[in-house]
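Hello,

Here is the structure for you to look through. My notes on it follow below.

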Amino acid sequence: MSHATEFVVRPARVADREIVCAIRAHVGWDQELVESWFHDVARGSRFMWLAQVGAEVAGMVALDLVDRHDPDVADGHSRAAVTSLAVLPPFLRRGLGRFLTQHVEKEARSRGVTWITLFTDPANSAAIRLYESLGYVEYKKHQRPWGMAVHMHKRL
Ligand SMILES: CC(C)(COP(=O)(O)OP(=O)(O)OC[C@H]1O[C@@H](n2cnc3c(N)ncnc32)[C@H](O)[C@@H]1OP(=O)(O)O)[C@@H](O)C(=O)NCCC(=O)NCCS
């Protein structure tokens with residue numbers, strides 16, 4: 001059952017850097033690039049949001065308009081990517097992953113994006129199920145700096 005209405009989504013600010021690092025640490029991801037992402041936010045090539053329940057942070061997501069490794073992922077024009085989707089353990093399976101992905105789709109559409117993309121570890125069956133349920137389809141497997149990724153996209 002979805003409880004998405006309990007979540008409030010707000011832009012992540014520079015002051016949220018530690019929170020973003022803590023969320024990434026929770027899900028086992030690196031934090032080296034977090035600082036540079038806030039520069040991308042200031043430049044307008046990346047948008048980041050936090051989801052909260054009251055004062056408590058429950059998860060995060062980002063929209064990348066440019067991907068420095070692969071223009072198929074985000075080319076600064078028609079293609080942009082959902083990245084950094086993470087939900088903290090107490091809030092799993094309450095519809096937040098779906099809610100945040102749809103939030104990014106809406107934001108991307110409002111910026112003229114026509115194809116929304118994402119990539120994940122091929123072993124991440126929870127994420128793949130979530131994305132398939134939203135209509136994403138695989139278009140390639142391709143190496144990312146952290147390993148081989150399954151790349152999915154969807155026409156907005
Ligand atoms: C993947 C992730 C974002 C899902 O977040 P969530 O808020 O629990 O997802 P939702 O509640 O919106 O689930 C939506 C659907 O996704 C699928 N799903 C989510 N978690 C699942 C799991 N553990 N096992 C199987 N399917 C799962 C289900 O189809 C689910 O629908 P249902 O609950 O009606 O069955 C979360 O597990 C997470 O943060 N994982 C660690 C970080 C990560 O892998 N991020 C994605 C990287 S690209």
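I start with the ligand. α4 contributes the most to the shell around the ligand, namely five residues. This is a predicted model, so please read everything here as computed. The shell has 18 residues, and the closest to the ligand are Gly97, Arg98, Thr120, Ala126 and Leu130. At least two shell residues come from each of β4 (79-87), α3 (96-110) and α4 (125-133). By type, the shell holds nine nonpolar, five polar and four charged residues.

Next, the core. The largest nonpolar core has 35 residues, and Met60, Ala80 and Val82 touch the most other members. Two or more of its residues come from each of several elements, among them β2 (46-53), β3 (56-64), β4 and α4. β4 provides the largest share of this core, with six residues.

What does methionine 60 touch, leaving out residues up to four places away in sequence? Its contacts are Ala12, Val20, Ile23, Met48, Trp49, Leu50, Ala51, Ser84 and Ala86.

Last, the strands. In β3, seven of the nine residues are buried, and the strand is mostly covered. β3 runs antiparallel to β2, and eight bridges join the two. Together β2 and β3 make a hairpin with two residues between them, and glycine 54 in the turn has a positive phi of about 60°. Valine 53 is opposite glutamate 56 in β3. β3 also runs antiparallel to β4, here with five bridges. Alanine 62 has threonine 83 in β4 as its bridge partner.

Regards

Notes: Residues numbered from 1 in each chain as written. Predicted model: local features only at pLDDT ≥ 70, side-chain atom pairs only at ≥ 80, totals over all residues. Near = placed C-beta within 6 Å. Helix = DSSP H or I, 4+ residues; strand = E, 2+ residues; numbered from the N terminus. Nonpolar A, V, L, I, M, F, W, Y, C, P; charged D, E, K, R; others polar. Core = buried A, V, L, I, M, F, W, Y, C linked by C-beta atoms within 7 Å. Buried ≥ 20, exposed ≤ 12 C-beta atoms within 10 Å, placed from the backbone. Contact = placed C-beta atoms within 7 Å. Pairing = 2+ DSSP bridges.
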